[in-house]
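I set out to record what I looked up in this structure. The entries follow in the order in which I made them.

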Amino acid sequence: MNTVTPAAAGASAADGVLSGRTALVTGAGSGIGRACAVALAAAGAHVHAVDRDADSVTEVAHAVGGRAHVVDLADLPAIGGLPGEIDVLVNNAGFQHVAPLGEFPPERFELMHRVMVTAPLLLMQRCLPHMKSAGWGRIVNVSSVHGLRASANKAGYVAAKHALEGLSKVAAIEGAPHGITSNCVNPGYVRTPLVERQLDDLAAGGTADPLASVLLDRTPVKRLLEAEEVAAAVLWLCGPGGGFATGSSLTLDGGWTAN
Ligand code: NAD
């Protein structure tokens, strides 16, 4: 389990900027979602932490003084039970499946779209009425470099993240008259369990030094990104400095997409 402190999330500089705000973070039990929950709470937000993993989301909610919601976002009707009076929505939950296009299981492809595109749509629909009546809202969609570029063997993930990019832009355009911004953050490879599983799979498949030879091959900055660095970008988008950023895709990729 990650131990993320507010100071590590860079939140000390953002103390209080989200006081009085309520945030909902999906996939908050691990990795980037956990770091976002910590950073948003440290900035003063009351955090609703959503995850399908009961133990981890309960622990995170307890750590940040927020509330845990054990929900599998693939179960779309269950989203109707989540709170709608939300000022900051972070659509973060996601997962990877690696397989060649010709063998990509259609049911897995559809599940990826349900969790990473349809669930964010339903959460936006749930939160927008409150954001509109408040005249303020922040939607941050955790996309990926794979929302902007493709890699082999990631048909479901690349397609779902590209769809999330489009959804985020529509929310930006429709939200603008109401003081609502919507942006994507686009990390490269982040040191989280999702990436550790990919490294294990590559190593099990016989790839030597998978971190250097595969994951960081195209990345000029030769290190993994930390979840706290993603959370700091999410926090900036939600804070006073990010008010004019909307419809954007903020790459945090060590130069991967520039290469
Ligand atoms: P992670 O596996 O560490 O955490 C993902 C969390 O989402 C887990 O707690 C998991 O239980 C939860 N989750 C997954 N499916 C769910 C569902 N159906 N319902 C509810 N909760 C669910 O992963 P992470 O690396 O922190 O990834 C978070 C997001 O960041 C994902 O959208 C991922 O695509 C994106 N991302 C990750 C990386 C990376 O390198 N790790 C890079 C770019 C983008």
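What pLDDT does the protein average? I noted an average pLDDT of 94, with 95% of the residues scoring at least 70; pLDDT is the predictor's confidence in each residue, from 0 to 100.

I recorded the basis of the entries: this is a predicted model, in which local features need pLDDT of at least 70 and side-chain atom pairs count only at pLDDT 80 or more, while totals for chains, interfaces and linings use all residues. Residues are numbered from 1 along each chain as its sequence is written, and side-chain values use heavy atoms, with hydrogens and water left out.

I then checked residues 1-11, where pLDDT stays under 50 and the model has 20 contacts beyond four places in sequence (contact: heavy atoms within 4.5 Å). Where pLDDT is low, the predicted coordinates should not be read in detail.

Next I examined helix 1 (residues 31-42) and helix 2 (residues 54-64), which pack at an angle of about 15° with their axes 9 Å apart. Helices here are DSSP runs of H or I, at least four residues, numbered from the N terminus; axes are lines fitted to C-alpha atoms over the stretch in contact, and angles run from 0 to 180 degrees between N-to-C directions. The angle makes helix 1 roughly parallel to helix 2 (under 35 degrees).

Which residues meet between the helices? I found Arg34, Ala37, Val38 and Ala41 in helix 1 against Glu59, Val60 and Val64 in helix 2.

I also found a salt bridge between the side chains of Arg34 and Glu59, at 2.6 Å, N to O (a side-chain nitrogen of Lys or Arg within 4 Å of a carboxyl oxygen of Asp or Glu). Arg34 and Glu59 are 25 residues apart and link distant parts of the chain.

Notes
Helix = DSSP H or I, 4+ residues; strand = E, 2+ residues; numbered from the N terminus. Parallel < 35°, antiparallel > 145°, perpendicular 65-115°, else oblique.
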